[in-house]
Structure formats: C-alpha cells, structure tokens
Amino acid sequence: MSEHRGLQQWVQEINDLCQPDRIRWCDGSQAEYDALCALMVSTGTFIKLKTATRPNSFYCRSDPADVARVEDRTFVCSRTTDEAGPTNNWRDPDEMRNVLRGLFKGAMKGRTLYVIPYSMGPIGSPISKIGVELTDSPYVVCNMHLMTRVGTKVLEALGAAGEFVKCLHSVGAPLERNQADVAWPCNAQNKYIVHFPDTREIWSFGSGYGGNALLGKKCFSLRIASVMARDEGWLAEHMLILGLTSPQGERKYMAAAFPSACGKTNLAMLVPTLPGWKVECVGDDIAWMKFGPDGRLYAINPEAGFFGVAPGTSMSSNPNALLSLRQNAIFTNCALTPDGDVWWEDMTATPPPQLCDWLRRPWTPDCDRKAAHPNARFTTAARQCPVIDPAWEDPKGVPISAFLFGGRRGTVVPLVNEALSWNHGVFLASVMASETTFAAAGKVGQLRRDPFAMLPVCGYHMGDYFAHWLKIGGMSALEKLPRIYHVNWFRKNGGGRILWPGYGENSRVLKWIFERVSGKGAAVDTPIGRLPAAGALDLTGLNLPAAHTRALLEVDVKGWLDEIPLIREHYAGFGSRLPAGLTAELEALEKRLRG
Ligand code: GTP
Ligand code: SPV
Ligand code: MN
C-alpha cells in the first residue's frame, strides 16, 4: 500500500469499475517474480525451460491474434484533433472515456488486479519519471519487473504527493464463476491502446503483447513523455544509446533512432569488427535527454531491460544479446526444442531436426514455414548484458556527441551522411522513410515516411514535434549540440541484395562518426550532406567490391530529385504547423541538387 492519497483513490476507483477478485500491490521482489512465474506455469501460460540449459527462464506463446503493436487501434485523445495531428488516430476524449468505461466495467472479474509502481529511469534521477500500471495480467507484471524498476522503492520515491502517470491495462477477458482460463487471455476483436496527453493517462484494453501492454514502453516513455518533453524543454526519443571507446581509450556516446525492427538492439550492443574499438550499451530502444549545466545533452535509458526481436539474433549477428539471455529471461512466440530450450530462425546455422513451433505444431526444417513468429521477442534485464555501459544507471545521464537516424531504404539513401547543420539534420530526420516491419500489425515491406522513427509513437502534432527539435537546436551553442547523421544499412543492388554486411561491420561507420565529432575524419561536401572522403571510411579487411563501396556512398542526384515532390507531399500533410525552417531546408536541398 501507499501513503499517496491520489494513488489510493485511483486504485479504489478502478477496483470498483473493473471488479477484480482481489488486489495485489507489487513490491518488486524476486520472491514476487518467482511466485508469479510459478503461477503462470500452473495455468499453462508459461513453460519452464530446462534449468541446466537456461536457468530461471520461461517460454510463452501468445494468442495468434495478439502478436504485435496495433497502430490502427492506438489512439491519442488530445482536446482537439489538431493537437493530435495527422499521424495519430484521434478520438474525442469524453467520447473515448465513455467507450472505455463500458469496456472496463467488470473486465477483471475472476482475475487479480496488480498494482505496479514503476520508475522509468534510475530512481532519483532528475530525468526519471514514475508510472503506476494497474493490470490483470501476471505476464505483464513479470515483464515489467525486467523492463522497469518496480515496487516498494518506487512508492517511497513517490511519497505522499508525487506525480505519476496513470496506466490502466486489462486483457479484456473477465472470467465467469468456474470458467476455465486460457493460456493467453486477450480480447483480440476489441483492442484499444488509448492515450490522454492532457491528463497524462493511458488506458489499454484487449491485448497482452509488448508495447500494447507493457505501458512503460511506447505508451509512457514515448507517446506521453514526448508531450511532457515538449512542455518542459527536453527530448523523449525512440533511440538506442551506446558508448563507443576508441583504441586510445576515449569514450563518446551516440544515440540512434531507427524504426521498429530496424536494428537498434543490434547496434546498441555490437561487437566491432575493427580491432581495439569497443561498444557498450546504455539502452536499446528509448532515450530521454535533457541539457546539462555545461550545455550538452545528457541521455538516460528510461528502461531497465530489453524487449528484443528474437529471430535473426545469433552468436554471429548479436552475441551480446544471446549472452544476456543465458538465464532469467522470458521468451514469447519463439519455438520450443524437444529438450526444453528455445529456438528461432537463424539462432543457429543448422536448425534443430524437430521443434514445436509458436503455434504448437510439430515443425521440421523442411516444412516450409517459420518456427518462430517474426515478431517473437525476448525479455531480459539490461544488467545481464555483458557490455552494459558502466554509466548506464548514472542519474545524470551520458553526454551525447552524435545522433544517428536511419531506416530500411533499398535505394537513394547512402550508407552514411553528415548533416550540414542542426536544421539540416532535423530536415533529414523529418523526411526519413523506411520499409514497414512485423513489429506492428499490417503490411510488411511498404515504404512509408517515419520521421525520427517516431511516426507510431509521437503523442502530439508531428509538425509541432519538428518545431520542438528546431527549438532544441537554439537552446545551446552549436558546438555543444550532437552532430546529426543519416545512415542506411539496407541499401540494395539491382538484384535486391543488401550491399552492406551490417551488424559488427557497422562499427566502421561509427568510427568515422567518432572521428568527425573529434574534429578529425575527412568528409566531402555534397548536395545532400557530408559524405566520407575517399579512404576516410575504414574498410580494412572487408573485401567489399569497389562497385559496392561506390554504390553505398553514391550521391544519387536523380533519386533525390525524384524524392522532392514526395517530400513536398509528406510535408503538406502537416499544414500550417510545418515549421518554415524545414521548408527552407527542402528548397535549399533542391537548389543544391540542381546545382
Ligand atoms: P524494436 O525492438 O522493434 O524497436 O527493433 P530494433 O530497432 O531494436 O531492431 P533489432 O536490432 O531487433 O533488429 C531487427 C531486425 O533487423 C533483425 O532481424 C536483425 O537481424 C535486422 N538487423 C539489425 N541490424 C542489421 C544490420 O546492420 N544489417 C541488416 N541487414 N539487418 C540488420
Ligand atoms: C517496437 O515496436 O518499436 C518495439 C517493440 O520496441 S514494442 O515493445 O512492442 O513496442
Ligand atoms: Mn522499438
């Protein structure tokens, strides 16, 4: 229980509305985690993996109709549709509250209401914020234990009158008396992921999966926090944070925004192929940043764990992720091996001869379907990562020297490009496009604009968000601001093959950026930005065909000229809220391209 009257009253109110059988206040202890895992084993939600192979780890299969974020069921209920902007689904807040009250009425019958006090960011950091999630899902409680800082210590920090974000979640599957439960309760036909930015509230109904249900993640840390950041003069971004140390022992921090399933977790903990260089991980998905007294931007990772894409993760692509998963992990929608371990596509070079797939069917390598769902995920505490950065829980945050933006672009966008100025960098991020992935329900592989990788997670009008970024650029001296880079690991040749080896080889690009922000590293000015000068990108030992290198660093003038009308169309969507500074950048680009 808490001494916070507002919290007590809200819990009582939700109890009256949702009518759970009982309330449990989560203390965040290991005993609580273990007991809930044991409960879920007994109900069939969890299967315990073989202790000798993967101690204290659990396997879980969701309902096939509940496997990813649902952007078309995600709503931002600002006072007016204009405040939510053209990229969000808006509903009138009063009308939505009525709908939600109807849905939540009696929604937790037969279940337990868990009260999860949690901190986004190290407790006590001036950048951190507190949330309280009320949920009827023990799966959510266990995942929140790994992903955030949970329990009594958070209530202590909250005190009697502290501020917190109200996060209400139900799987939307009440149980009648004597009704048997299912392994993954949800309400697939009736999902609502709803945000009230003005009152800083989140109501989520019907889904138990990922960002739909772990409300500290996209809902709080990005949609609600982006609104707080706008109001308070800081940044809440869909970015990994990494520390890069040179062979001389100098460390610089970088933050990178890529859309969902486009490589953040991989970059955040990569093993450089360049000798003597080292990457350490502060965070793999979200960065909150404020200016320090020295005028630099300092970033914290508000999360405490990783909820990462499993397929593709292997000892060769991302060893540090796999090593983080050796124990105390939860695996959702992967495949199960006969000896009680997990597997997913490309985890090992040769698949096991037989598996039970994520849909509980027998699977063999020749059966022509995937064993794991493409959006199968692992959950694990960040402290288990072998390359977790020594400063990852520093309450001041880490000073950021460079921002990277990138997406999946088969054409046009080169491997790396340094912005000519802060405003030019904001321009590049605002027109970023990427092919859609399985991280959200819907069509995969469609090119769409995803400005700043924030399209599905910005809680207000994106035109105002661009203006906020331009304003941030005016809040400090230019040399103190991070430099901005546009990167693309996914450029393809005519035959559709990705040209760049990616993963650990991305360290070559990081090295060039490190040198650039150190005032070294040669670049050439081009109409689209500054590209590595001949020989400046360290390609030693890579044996990349010269034609590939040329294509990767090509300034595709025709491709960019063809983009101009598309960018204009994209910008038109923001109407009068598009900052003039960005129109000016677009015009300047066109002029440079037409030379
Ligand atoms: P979210 O957790 O959804 O925000 O995703 P993320 O941005 O952290 O993406 P993640 O690192 O999990 O990578 C997603 C997919 O992209 C995986 O299938 C990776 O194998 C693939 N990937 C990551 N980095 C690279 C790269 O450098 N090159 C190529 N070709 N693929 C990559
Ligand atoms: C993303 O989709 O960007 C994720 C996964 O990081 S989720 O937690 O579902 O948002
Ligand atoms: Mn993400």
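Predicted model: local features only at pLDDT ≥ 70, side-chain atom pairs only at ≥ 80, totals over all residues.
Me: Which polar side-chain atom lies 2.8 Å from an oxygen atom of ligand 1?

Reply: One from Asn 266. Backbone atoms take part too. Gly 263 places a backbone N or O atom 2.9 Å from a ligand 1 oxygen. For Cys 262, the corresponding distance is 3.3 Å. Then look at burial. Ligand 1 exposes 660 Å² when taken alone, and the protein buries 91% of that.

Me: Now ligand 2. How do the residues of its shell divide into nonpolar, polar and charged?

Reply: Two are nonpolar, four polar and five charged. Among the residues around ligand 2 are Arg 69, Lys 217, His 238, Asp 285 and Arg 377. Helices α7 (210-213) and α8 (216-232) each supply at least two residues of this shell.

Me: Which side chain has an N or O atom 2.4 Å from an oxygen atom of ligand 2?

Reply: That of Ser 260. Lys 218 puts a polar side-chain atom 2.6 Å from a ligand 2 oxygen. Gly 211 uses a polar backbone atom, at 2.9 Å. Taken alone, ligand 2 exposes 290 Å², of which the protein buries 98%.

Me: Next, the sheet. What is the order of the five strands in the open sheet?

Reply: Start with the general idea. Strands of a sheet pair through backbone hydrogen bonds, in parallel or antiparallel fashion. Here the order is β2-β3-β18-β23-β17, and the pairing is mixed. The edge strands, β2 (46-48) and β17 (305-309), each pair on one side only. From one strand to the next, the twist averages 20 degrees.

Me: Do strands β18 and β23 run parallel or antiparallel, and how many bridges join them?

Reply: Antiparallel, with three bridges. Strand β18 spans residues 330-332 and β23 spans 377-381. For one bridge, take Ile 330: its partner in β23 is Thr 379.

Me: Which strands does helix α2 lie across?

Reply: Helix α2, residues 30-43, lies across β2, β3 and β18, at about 105 degrees to β2. Helix α5, residues 138-147, lies across β2, β3, β17, β18 and β23. Its direction is about 110 degrees to β17.

How values were computed:
Residues numbered from 1 in each chain as written. Chains lettered and ligands numbered in written order. Heavy atoms only, no water. Pairing = 2+ DSSP bridges. Helix = DSSP H or I, 4+ residues; strand = E, 2+ residues; numbered from the N terminus. Axes fitted to C-alpha atoms, helices over the stretch in contact; angles between N-to-C directions. Contact = heavy atoms within 4.5 Å. Polar contact = N/O pair within 3.5 Å; in protein donor to acceptor, adjacent residues only side chain to side chain. Areas by Shrake-Rupley, 256 points an atom, 1.4 Å probe, with all protein chains shown as cover. Near = heavy atom within 4 Å. Nonpolar A, V, L, I, M, F, W, Y, C, P; charged D, E, K, R; others polar.
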